[in-house]
Amino acid sequence: MIAELGLALLWMAAALAALQLIAGVLALRPQGAQLAGIIRPVAVMQGVLVLVSFMALIDLFLTTDLSVKLVAENSHSAKPFIFKLAGTWGNHEGSMLLWVTIMSVAGGFVALIEKRLREDTLIATLAGQAFVSLGFYAFLLLASNPFARLAEPPADGNGLNPLLQDIGLAFHPPTLYVGYVGLSIAFSFAIGALVTRDVGPAFARAMRPWVLGAWVFLTLGITAGSYWAYYTLGWGGWWFWDPVENASLMPWLAATALLHSVSVLASRNALRAWTVMLGVVAFSMSMVGTFLVRSGILTSVHAFAVDPTRGGFILALLAIYIGGALLLFGLRASTVTEGARFSFVSREAALVFNNVMLCGVLGIVLLGTLYPLLTEAFGVKVSVGPPYFNPVSAIFVLPMLAVLMVGPLLRWRQDKAGRVSAPVAVCALLAVLVFAGVEAFAKGIGILPALGIGIAAGLGVASWLPLRGRNLARTPLPIWGMVIAHFGVAVALFGMASESAFSTERLAAMNPGDSQQVGPYTVTLTGMAPVAGPNWTALEATVEARYGGAAPTILHPQARTFASPPGNRTESALKTRWNGQLYAVLGEEGEDGRWQMRFWWKPFVPMIWYGGALIALGGLLALLGRVAADVRRLIATDKIAYRRHRQGR
């Protein structure tokens with residue numbers, strides 16, 4: 001009964017999305033103006049219905065209703081509670097329902113709270129959101145029904161992929177989906193503004209919180225996903241340029257450019273066409289990522305293995321949404337005025353330069369991701385990895401980071417280079433000195449890691465300079481957010497460069513009692529023992545790790561075996577210090593009875609994820625500051641309107 005209720009609610013929500021689209025299109029015409037009043041409540045009700053539908057699917061997983069095909073294929077009665085819950089979206093159909101749920105609930109919130117747009121622009125925006133949602137409803141109901149029943153329920157379920165049975169599954173996909181859906185809202189705002197020719201500061205102020213929120217969640221999702229893969233896969237790396245990793249990075253790059261562009265439009269009435277185009281591109285990249293993950297054309301630990309028919313459906317949606325948006329932009333581009341001008345030396349110019357660099361990196365990643373797929377279609381297999389991505393991306397990233405040190409210090413509209421030359425020179429000198437010191441005392445580490453460490457030092461200092469001369473207690477939250485986010489970039493860059501430059505790896509065959517030197521650590525294998533978990537068994541090593549003369553730390557790397565579904569997974573053991581991380585992995589037993597052990601010492605590698613968290617925190621502070629300012633503005637406007645009403649009585 002729960003499954004049938006969930007499916008019925010999903011059909012009803014799809015019907016309301018169709019009604020919202022039709023009413024929105026008609027309400028934009030003079031003869032259909034009376035329909036405008038139903039669009040907001042329809043959008044809200046649509047969000048409520050699909051949310052209840054998703055809650056029904058959660059209930060089916062928590063109760064392990066094996067008569068539902070999706071539950072039988074992706075759950076098991078012996079799974080811990082958290083994995084039953086996360087299993088709801090740890091599969092193709094459930095994750096798509098989560099996507100549609102977030103999208104519809106977000107559209108409902110837009111209908112409820114948005115008061116800054118012109119009424120016709122809001123109607124067009126909600127119609128655009130309904131159009132996007134309708135395609136995903138069709139995909140779910142026609143090709144990926146999450147509530148399909150089995151004629152003969154099995155005795156127990158297949159369980160969840162062992163690689164997904166980790167707390168990361170409860171956090172990583174939902175944060176990414178919130179980010180993707182936030183970009184769909186920004187896309188709908190851009191379409192609405194183009195339809196009504198209302199591309200201006202009011203449109204940008206309405207779009208900005210959604211872009212900021214999407215960017216924060218994408219940052220958190222990518223950071224969490226990187227750390228999840230780092231400690232779960234047992235390979236010791238934090239980023240492999242896997243196509244599915246790139247699928248999440250590309251929307252983030254576009255969203256970062258959009259975030260800065262929409263801020264300029266909202267505050268300075270500039271970059272109008274650029275903002276609209278980036279709104280289309282950012283959502284396009286999330287659609288490309290969806291296609292890559294769900295089309296079945298990729299073999300990846302991150303990808304959902306689905307049939308090509310579903311991939312064709314998503315490809316058709318991508319062509320309709322993006323092709324239609326680009327066509328609309330082409331038709332209306334001439335009506336989007338240039339906006340306010342600015343000089344070559346100004347904060348706007350610095351933002352434009354960095355946006356171009358971000359788009360350059362986006363192009364590099366997109367090309368490197370799609371090129372192997374294109375060549376494979378012609379029977380030629382090629383591999384594109386770090387030797388391509390790292391140096392080619394650096395061509396755009398390094399100038400961008402250099403300008404990032406200068407841009408926040410410049411004034412809007414027009415400035416003089418001499419005004420900021422002194423602080424910029426100090427930061428540049430610091431970067432050069434650190435780079436020279438690394439090159440002098442750490443021979444052979446490579447030019448890119450040394451440059452990364454040097455630029456991180458200069459950017460780390462430069463990021464705080466916008467606070468110079470300010471009353472810190474009165475500094476607006478968006479300024480604090482900018483400062484902390486830019487400092488997070490410096491912290492993450494330092495972690496990436498240090499890990500690349502100074503990591504030490506040891507692969508050893510060890511008997512209990514044997515020791516190895518790994519960086520500053522002496523590690524000793526002291527024993528092996530079997531252990532059991534709630535739905536797995538494992539062979540566990542006990543490793544004593546001693547840092548210099550400090551007391552030893554005990555690590556327990558495991559090799560886990562899952563029965564349902566059958567599979568193995570490495571459970572690494574980590575010891576984190578302020579200056580780095582010791583990483584231990586247990587391998588197989590050799591013919592001579594010795595155990596294969598793998599150790600890494602990774603100096604400052606946690607800075608990568610600390611930096612990601614700081615970037616997200618900066619975005620959150622900026623979002624809170626913008627929302628608070630908008631609320632104050634709306635309250636003030638309502639008070640003025642009320643006074644005028646009283647005076648006119």
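Biologist: In which sense do β1 and β10 pair, and over how many bridges?

Modeller: Two strands count as paired if DSSP finds at least two bridges between them. Here β1 and β10 (residues 595–603) pair in the antiparallel sense over seven bridges, and Ala509 stands opposite Gln596 in β10. The strand names come from DSSP: strands are E runs of at least two residues, helices are H or I runs of at least four, and both are numbered from the N terminus. Before we go on, this is a predicted model, where local features need pLDDT of at least 70, side-chain atom pairs count only at pLDDT 80 or more, and totals for chains, interfaces and linings use all residues. Residues are numbered from 1 along each chain as its sequence is written, and side-chain values use heavy atoms, with hydrogens and water left out.

Biologist: What is the strand order of the open sheet?

Modeller: The order is β1-β10-β9-β8, four strands with antiparallel pairing. At the edges sit β1 (504–510) and β8 (573–577), each pairing on one side only. From one strand to the next, the twist averages 15°. Angles here run from 0 to 180 degrees between N-to-C directions, and axes are lines fitted to C-alpha atoms, for helices over the stretch in contact.

Biologist: Which helix lies across β1 and β10?

Modeller: That's α16 (residues 477–502), running at about 130° to β10. Another helix, α8, lies across β8, β9 (580–589) and β10, at about 45° to β9. Contact means heavy atoms within 4.5 Å.

Biologist: How far does α6 reach from its first C-alpha to its last?

Modeller: The expected span is 1.5 Å times one less than the number of residues. α6 (residues 119–143) has 25 residues and reaches 36 Å, close to the 36 Å expected. Because 18 of those 25 residues are buried, α6 is largely enclosed by the rest of the structure. For α7, with 29 residues, the reach is 43 Å, close to the 42 Å expected. There 25 of the 29 residues are buried, so α7 is largely enclosed too.

Biologist: At what angle do α1 and α6 pack?

Modeller: About 145°, for α1 (residues 2–27) against α6, with axes 8 Å apart. Residues in contact include Trp11 and Leu21 in α1, and Phe131 and Tyr137 in α6. By class, this contact has 19 nonpolar, two polar and no charged residues. Nonpolar covers Ala, Val, Leu, Ile, Met, Phe, Trp, Tyr, Cys and Pro; charged covers Asp, Glu, Lys and Arg; the others, Gly among them, are polar.

Biologist: Where does Thr64 lie, and what is its phi?

Modeller: Most residues other than glycine have a negative phi. Thr64 has a positive phi of about 50°, and lies in the loop between α2 (36–62) and α3 (69–74). Thr64 is also buried, at 12% relative accessible area. Arg197 has a positive phi as well, about 55°, in the loop between α7 (168–196) and α8 (201–232).

Note on methods. Buried means under 20% relative accessible area, exposed over 50%, partly exposed in between (1.4 Å probe, protein chains only).
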